[in-house]
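Please try each task before reading on.

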Amino acid sequence: MNNNVRNSQPGFKMSKLKELTDKCEHLAFDLNFNAAKKWKAEKENRVLVGYMPIYFPREIIHAVDGLPVGIMGGGDRKQIVIGDAYYQSYICHIPRGIIEMALSGHFTNFDGFVFPAICDVIRNLSGMFQMSNIGKFAKYIDFPQDFNSDIGGEFYIQEMNSVLSKIKEINEVELTTERLNHSIGLYNKNRQLIEEIYDIKQAFPWRLTAVETYHIVRAGMVIPVEEHNRILEEVLYEIRQDIGEPLDKIKVVITGAFCEQPPVSLIKTIELAGCYIVDDDFMLGSRWIQGDVDNTTDNPLKALSEAYLNFSTFSSSVYDIGNPKSKRLINLIKRREADGVIFAAPSFCDPALLDNPTYNKECDKAGIRYINFQYHENIGQFKVIKEQVGAFSDSIKLWA
Amino acid sequence: MPENVKKERSMILQKEMIGNLFKELGNVKQTGKKVVYTFVPGNLSELIRSFDMLPVYPEINALQSGMRKKSDAYIREAEKWGHSEDVCTYVKCDIGMMLKGNIGPTGEKVPDPDLLLLSYTGCFTFLKWFENLEKLYPGVPVALIHTPYQENGEITAEMTEYMVKQLKNDVIPKMEQVSGQKFDPEKLKTILQHSADIEDLIVKIFDTTKNVPSPIDAYFAGVYYIGPINIGFRGTPEATEYYKELYSEILERVRLGLGPVTPEGEMEEERYRLVVEGPPNWTSFREFWKLFYDMGAVIVASSYTRVGGVYKNGFRHDPDRLLESLSEYCMGCYTNMNLPQRVEMLAKEIKDYKADGFLVNSIKSCNSFSAGQLLIMRTLEDRMGIPVGFIESDLVDPRYFSYSNIKNRLESFFQMLEQRKLINV
């Protein structure tokens, strides 16, 4: 029986899984970041560092008594009043939600902010934070697009050190090899657990809906990794059991939604329209490094750098010459045994949208079915998308 | 240009230079010269020239297509091919032009690239653009130089070192391989000396707008003035001659107390002096310009003319620091500066050039410029106490140029400037 259906029965005791997913939903969408602020208040010298999509080496913050807090915008849960005065209509939605949150006190007690290199909008948002004196620092982190260890790798280590020096100015905590290796180990574990959830979802997608998965993974962006790991282990225990019943749905991979997040109702709509989502890039940053980062070296910053250069997932924000992302997407679709792919990109997202023609053509060549649509984080009408996804699902079920 | 408008010698020189470049590009099959596609911001023209290769700038082709009313069809072609209406129209115009046979602005076929040189400066979309081009020109080598952003408002020694290493490790070896020539530091040194001389002249030329009336328009005419340095002539004797000639013509205008030359002749009365942020619209360039000169508005400084290099702050290519200097040039381009730096620069220009107002032309296609412009505008309004205006258009997509909307907004802006003048009398 489907978990949601099961829990809606009158008199039914709330299952452990439902309890966990409810908790994660609450954490993931607490736009005031109360859990993170509570964590900071519990001990002196702790710092909160907000980071924007996509990827950021959270290990380095963790290792110096910090909590990296993922900022994914206001979604459809924050009314935009001030933010629209900061952005033209043809710029994507996420930065206006973030600036709205910044200027209306959501980030009180945050110490600093990191803006990973992903596009010009997020880059310039770092300047807007600097100009508006939000936080003690606003640092754009320029990820190398040169993938040589002694060139791009060294530069990346300098970028990480620059973030660390800003934190040290605030809490005077010194980074040590032991501490960073310990943090790397915790995040390795975190990625392993998330990947296991996705593996189980691939084989038994009815055991955990895409929305539940989304809440569970997103919660990890606002709480300490130790706590998230405990939640993930509990979730895994539950979904390793034979729960739920399969429905006649196709399996799809969703890609393009790595920065501005689709509203949860959109994810639900895709599932209701006949799809099991067996992989996605919603919380790509949490799954960025493929495999473990070496946590046994005496130079853990270099280990993080090497992992970024050599074991990053594919992404629209990474220069792909020499390792085309379309091939890697097709490999993922095959590995997940998906029936098709949904290219869902935020409106006005140059990185995602400029990849679509290449992706589409490679899917054509590989005989993989796909659809494209655009959304924005506070879209409220899903009828058209539901019909489009429904027709896509039917076409595969009936004709493939 | 109407017949009664006299062409200056500098205009003829520029036309010859550009004509010769396209002729050379048309003859590469015969001459065997290699062709490098690259971008204007952070362009490594000098390095390309030191290997006797010819540059092609996809943005320049796109803007020329826009001015010649060809971009509409190219953009639609790219959209038919799968590109979203939402994305950068320079990219779509270029891809559309390629899909339709790569016929360049002069009507001749633009040769295919022998090298794709991605000077990734100040614009993330460049990276996406070249990923697309790489698919369209399979097998053509790609050299990438990642230009670190001035996120902290400075160029550090580490940033320069990162770029120099990329030049040595990837860019130069690929240029050697494609051109069949060894890197010649002495040759590059000579070219960079010319660049530095040209940059001196550029600064002097754009500084003449301190005069009242301003002898030039630093935006609409300014884009022509920066043309030669932005399409690969920086570092050449021809460009040095062109800028010397242009400067002497402008000085003569200053001596005679003349205002700028417009497509309809000399502007009679200078009523408003403006600083403009953002690129111009190319598809209706003349109509757009006319909206200003009809009202007696002169642009005394513009950020767009610094997109291919900022020289006003003292940067010059340095023949004694070859690769370091090329790197610092890339990192210094306007869109590679952080927002606080951009505000500082614009504020200084408003002050230095005695501007009456500040105007943003916000471009739908260009997030690198556009994201943050509203905050820049309000900051300058508060800090400088001058009227600010805001209009929207696009680079080369005519669907996003609304003449009436822009005219209405500009008229309101000019009224505001007029009232401010009356108050200040």
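**Exercise 1.** Determine how many residues of chain B are in contact with chain A, and which elements of chain B supply them.

*Solution.* Begin with the count: 43 residues of chain B are in contact with 40 residues of chain A, where contact means that the C-beta atoms of two residues, placed from the backbone, lie within 7 Å. The model is predicted, so that local features need pLDDT of at least 70 and side-chain atom pairs count only at pLDDT 80 or more, whereas totals for chains, interfaces and linings use all residues. Residues are numbered from 1 along each chain as its sequence is written, while chains are lettered from A and ligands numbered from 1 in the order in which they are written.

At least two residues each come from helices H7 (124-136), H8 (157-179), H15 (339-352), H16 (367-370) and H17 (373-384) and from strand S4 (142-146), in chain B. The most is given by H7(B), with 8 residues.

**Exercise 2.** Describe the order and pairing of the open sheet formed by 4 strands of chain B, and identify what packs on it.

*Solution.* The order is S2-S1-S3-S4 (chain B), with parallel pairing; two strands pair if DSSP finds at least two bridges between them. Strand S2 (54-56) and S4 of chain B stand at the edges with a single partner strand each, so one side of each has no neighbour in the sheet. Neighbouring strands are turned by 25 degrees against each other on average, direction ignored, the axes being lines fitted to C-alpha atoms, for helices over the stretch in contact, and angles running from 0 to 180 degrees between N-to-C directions.

Within the sheet, strand S1 (residues 35-37) and strand S3 (residues 115-120) of chain B pair over 2 bridges, and Tyr37(B) has Leu116(B) as its bridge partner in S3(B). H7(B) packs on the sheet, touching S1, S3 and S4 of chain B, and its direction makes about 165 degrees with that of S3(B). H8(B) also packs there, touching S3 and S4 of chain B, at about 160 degrees to the direction of S4(B).

**Exercise 3.** State how many helices and strands chain B has, and what its C-alpha trace spans.

*Solution.* Chain B has 18 helices and 10 strands, and its C-alpha trace spans about 65 × 50 × 45 Å along its principal axes.
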